[in-house]
Amino acid sequence: MVPSFIEETQSAGVFSRFEGDYVVGGGVAAFDCNRDGLPELVLAGGDNRAKLFLNRSAVGGPLRFSEQVAGVEFAQVMGAYPLDIDGDGETDLALLRAGEDLLLRGLGRCRFEVANRRWGFQGGNNWTTAFAATWERGQNWPTLATGAYVQRNTTFPWGSCRGNALYRPSPSTPGFAPPWPLEPSFCALSMLFSDWNRSGIPALRVSNDREYYQGRGQEQLWQLLPGQPPRLYTEAEGWKRLQIWGMGIASADLTGTGYPVYYLTSMGDNKLQMLESPERPSYIDIAFRRNVTAHRPYTGGDVHMSTAWHAQFEDVNNDGLVDLFVAKGNVGYMREAAARDPNNLMLQKPNGTFTEVGDKAGVASFLRGRGAQVVDLNADGLLDLVVVNRLDPAQLWRNLGGLGGQPLGNWLQVRLQQPPPNRDGIGAWLEVELPGRVLRRELTVGGGHVSGGLGFVHFGLGNAKEVRLRVRWPDGAEETALVGSNRFVLFVRGQGPQNFVPGQSY
């Protein structure tokens, strides 16, 4: 079933532009900072100041937002990622900037303050275009990773790409130790901590822009063992050399094996990497066989290669098959790349291949897309869409259901809660059993293109009215419960699922 989207940017009251000579960056964070179940939005502005928009939407109604002065109003913001850094129950924000990166401490009611000094965070002075976070075993604070792009004050090809960094918890004080350089660095545009072989120890995947690493660089996978320095997996261990214009990372268990596959956006054809064996980090590309290369525009008449940025796996039509959204847009005025380059919305079919419906669904914008979030903004069980565009207004689309007014499938949305420090259960796995198969989601912070979300995790259920939900917490403990469809559920560790009504406080 093809979903139908309607653009509601202006009527929703969201007015934000990503301005400046930043050819990369331009992200959005979606998270609930006032605990009513409706996600707020923080949009990067580049030379304009970042903005926070409070979600005023009625459940199931048109999208409505109001801008609020919240302490996020900094210029040179490239993107943002939400997470509860200090474990106090209030969501915090990492702002990636062309300049000092900022960690903002959540004060409640969507108010924030800079906490770099308080938490010992050395934000540097790079053009930061990638971020990821995880909790390593036994730690009371998260481990953060940041990726730097080229130095903007030098001439083409813009010189060094050094500056990637790993921030681990301080052994003596609350907060972070001095950063560990992740060298070599190759112009990172996306990072993701992910448990690629289900060992219980996430590794850091880094996607890099080959435009600037002069043939020396490649995609990277860093091993992070507790108490040991990070180290790169090598070709001798199975890691295959791959050079792309790496811009974004999305992950999902598409194969039903329990292991994530990774979608890597680029210029031209995009990659979909499937693990060959959990014994070795060796991947094969299955993008062509799954029909997700998305290498040229599918409408608009332009025949040049596409340029892909943010990617996200979500079930936009609630049929129990995860779909794929990709934000598209020319870097600037590159003649060899498409100028009319529409966003992709690819629906998964029962045989595992995908089909393009972006134009039919109404999201085929020809603006220069960058960051995005696919998220339920009005708590109706249907996933909506927000995209940040370079040098143009950001856009919001509301999901109206199936074309012609046909209803979409059932759904379930789950948010985890556990005691601090890792209150949101980052690193946990959620499993939903449907007839004949299991849907799996790894809870991560990172990936995409300078855009992140935190909150309720969405599952499309098709015709299922009741499903078995299993949570595998980051420490390996498991809990299972039967839950009904078409509801929001808070899964509290040790207490099981509790129904939640959006608009109320939790």
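What volume does the second largest pocket have? In this predicted model, local features need pLDDT of at least 70 and side-chain atom pairs count only at pLDDT 80 or more, while totals for chains, interfaces and linings use all residues. Residues are numbered from 1 along each chain as its sequence is written, and side-chain values use heavy atoms, with hydrogens and water left out.

The second largest pocket has a volume of about 420 Å³. A pocket here is an open set of points, on a 1 Å grid over the protein atoms alone, where a 1.4 Å probe fits and protein lies on both sides within 12 Å along at least five of seven lines; lining residues have an atom within 4 Å of a point. Grid points are joined across faces, edges and corners, and the volume is the space filled by probe spheres set on the points.

Its lining comprises 24 residues, with D253, G320, V322, R437 and L439 nearest the centre. Two or more residues come from each of β31 (437–442) and β34 (457–462), strands being DSSP runs of E of at least two residues, numbered from the N terminus. The largest contribution, five residues, is that of β31.

The largest pocket holds about 570 Å³ of space. Of its 28 lining residues, W135, R137, G200, P474 and D475 lie nearest the centre. This lining divides into 12 nonpolar, nine polar and seven charged residues, where Ala, Val, Leu, Ile, Met, Phe, Trp, Tyr, Cys and Pro count as nonpolar, Asp, Glu, Lys and Arg as charged, and the others, Gly among them, as polar. The lining of the second largest pocket divides into eight of each class.

How values were computed: Helices (H or I, at least four residues) and strands (E, at least two) are DSSP runs, numbered from the N terminus.
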